[in-house]
Amino acid sequence: MSSSAETVHIKPPRYSIEMINELSDLARKTAYRWAVVQPDQPSTADIEKLVARGNTNVVIQFGFIAEGKNLAHIGQPSNRCIKTCFAPPLPDEVQTFYKENFHEYFIKPWSRVWDAPTLRWFSQSVQDLMPVTACKVYKIDGRAVGLQAEFPHTDAFGRPVTQIGWIWIRQGLPKEDRASIHNAVFSDLSSRPETRFQAGIHLFNIRSRRFFSKLGFQPLCAHVYLPSLR
Ligand SMILES: CC(C)(COP(=O)(O)OP(=O)(O)OC[C@H]1O[C@@H](n2cnc3c(N)ncnc32)[C@H](O)[C@@H]1OP(=O)(O)O)[C@@H](O)C(=O)NCCC(=O)NCCS
């Protein structure tokens, strides 16, 4: 491995907690931007071990991939859930909503797993991508209950994808409302059968991993990187 910033593709072997730890150490000592390993599904215990070990400046993110035509049907259709699409450039109020939503439901809940510079890097990335980001806002009875943000990107092997940069579904809603949002997200993505979607899901975000798996996404690789080198 050279000491200049580079991408390391490792496949096989497959993901293991030892490998993630080794890659994290190497990323700190050398200067590669990120590595790609083939993931198995890590357990909650693995995640706790990684957090306990203090990998707070290393980001471990799975690239989950699906084509619109191969998605699995989820939820129940209902006309209560109304979708509004915003193309770039996003109106100011949508940008503000997105930034606040991301802060509330991503930065705040996961602040224990990363250090402050890494958290700032995440917020800055959202800000930097605003000019190319499209958003779908889902509402029920006039109240925002879902947000989906997308931008053009590439997968770990350089192939073009539509990146689902952020998805949020309000918790605590009646079961039928939640089912109608799930269905609205499914309908939105499956209405683009030829599009290859990628969701970047953090190692520890079990709920999100389950959600995307249920929708038919498959993990393609795990990215291990130091935001300071990107
Ligand atoms: C990720 C998210 C969009 C999924 O939507 P959702 O409506 O919560 O999805 P579901 O209710 O289908 O839950 C997904 C799975 O997580 C499970 N789950 C629920 N609570 C959980 C918890 N506390 N821990 C782990 N899994 C949990 C559910 O049982 C379900 O699994 P199952 O289908 O096998 O039963 C939503 O939880 C969310 O907005 N999270 C906060 C923002 C976020 O992290 N976005 C993802 C960025 S990549």
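## Overview

Helices are DSSP runs of H or I with at least four residues, strands are E runs of at least two, and both are numbered from the N terminus. On that basis the protein chain holds 6 helices and 9 strands. The model is predicted.

The protein chain has 230 residues, of which 31% count as buried. Take the contacts between residues at least 6 apart in sequence. In the protein chain, 80% of these join residues at least 24 apart.

## The nonpolar core

The largest nonpolar core has 43 residues. Phe64, Ala199 and Phe217 have the most contacts inside this core. Eight elements each supply at least two of its residues: strand 3 (59–67), helix 3, strand 5, strand 6, strand 7, helix 5, strand 8 and strand 9 (218–225). Which of them gives the most to this core? Strand 3 does, with 6 residues. The core also draws on two domains, taking at least three residues from each of domain 1 (7–63) and domain 2 (68–217).

Phenylalanine 64 shows how such contacts are made. Leaving out residues up to four places away in sequence, phenylalanine 64 touches Gln198, Ala199, Ile201, Phe212, Phe217, Gln218 and Pro219. Two of these partners, Ala199 and Phe217, are named with Phe64 as having the most contacts inside the core.

## Helix 5 and its cover

Helix 5 runs over residues 175–190, 16 residues in total. From first C-alpha to last, helix 5 reaches 22 Å, close to the 22 Å expected at 1.5 Å a residue. Its buried residues are Arg178, Ser180, Ile181, His182, Ala184, Val185, Phe186 and Leu189. An α-helix has 3.6 residues a turn, so residues three or four places apart point the same way.

What covers the buried residues of helix 5? The cover includes strand 4 (81–86), strand 5 (134–140), strand 6 (143–154), strand 7 and strand 8.

## Two residues between strands 3 and 4

Leucine 71 sits in the loop between strand 3 and strand 4. Is leucine 71 buried or exposed? It has 20 C-beta neighbours inside 10 Å, so leucine 71 counts as buried; the cut-off for buried is 20 or more. Its contacts, beyond four places in sequence, are Ala66, Phe186, Leu189, Ser190, Leu215 and Gly216. Among them, Phe186 and Leu189 are buried residues of helix 5. Leucine 71 and glycine 216 are 145 residues apart in sequence, but 4.9 Å apart in space, C-alpha to C-alpha.

Arginine 80 is found in the loop between strand 3 and strand 4 as well. Arginine 80 is partly exposed because 14 other C-beta atoms lie within 10 Å. Beyond four places in sequence, arginine 80 is in contact with Ile140, Asp177 and Ser180. Of these, Ser180 is a buried residue of helix 5. The C-alpha atoms of arginine 80 and tyrosine 138 are separated by 9.9 Å, with the two residues 58 apart along the chain.

## Around the ligand

How many residues surround the ligand? There are 16, and the closest are Ile169, Arg207, Ser208, Arg210 and Phe211. Helix 6 gives the most, with 6 residues. By class, the shell has 10 nonpolar, 2 polar and 4 charged residues.

Helix 3 also holds glutamine 95. This residue has 17 C-beta neighbours inside 10 Å, so glutamine 95 counts as partly exposed. Setting aside residues up to four places away in sequence, glutamine 95 touches Leu90 and Met130. Glutamine 95 and methionine 130 are 35 residues apart in sequence and 7.4 Å apart in space, C-alpha to C-alpha.

## Backbone exceptions

Most residues other than glycine have a negative phi, and most peptide bonds are trans. Proline 89 lies in the loop between strand 4 and helix 3.

Where is aspartate 141? It lies in the loop between strand 5 and strand 6. Aspartate 141 counts as exposed because it has 9 C-beta neighbours inside 10 Å, and the limit for exposed is 12 or fewer.

How values were computed: Residues numbered from 1 in each chain as written. Predicted model: local features only at pLDDT ≥ 70, side-chain atom pairs only at ≥ 80, totals over all residues. Near = placed C-beta within 6 Å. Nonpolar A, V, L, I, M, F, W, Y, C, P; charged D, E, K, R; others polar. Expected span 1.5 Å × (residues − 1). Contact = placed C-beta atoms within 7 Å. Core = buried A, V, L, I, M, F, W, Y, C linked by C-beta atoms within 7 Å. Domains from an automatic or database assignment.
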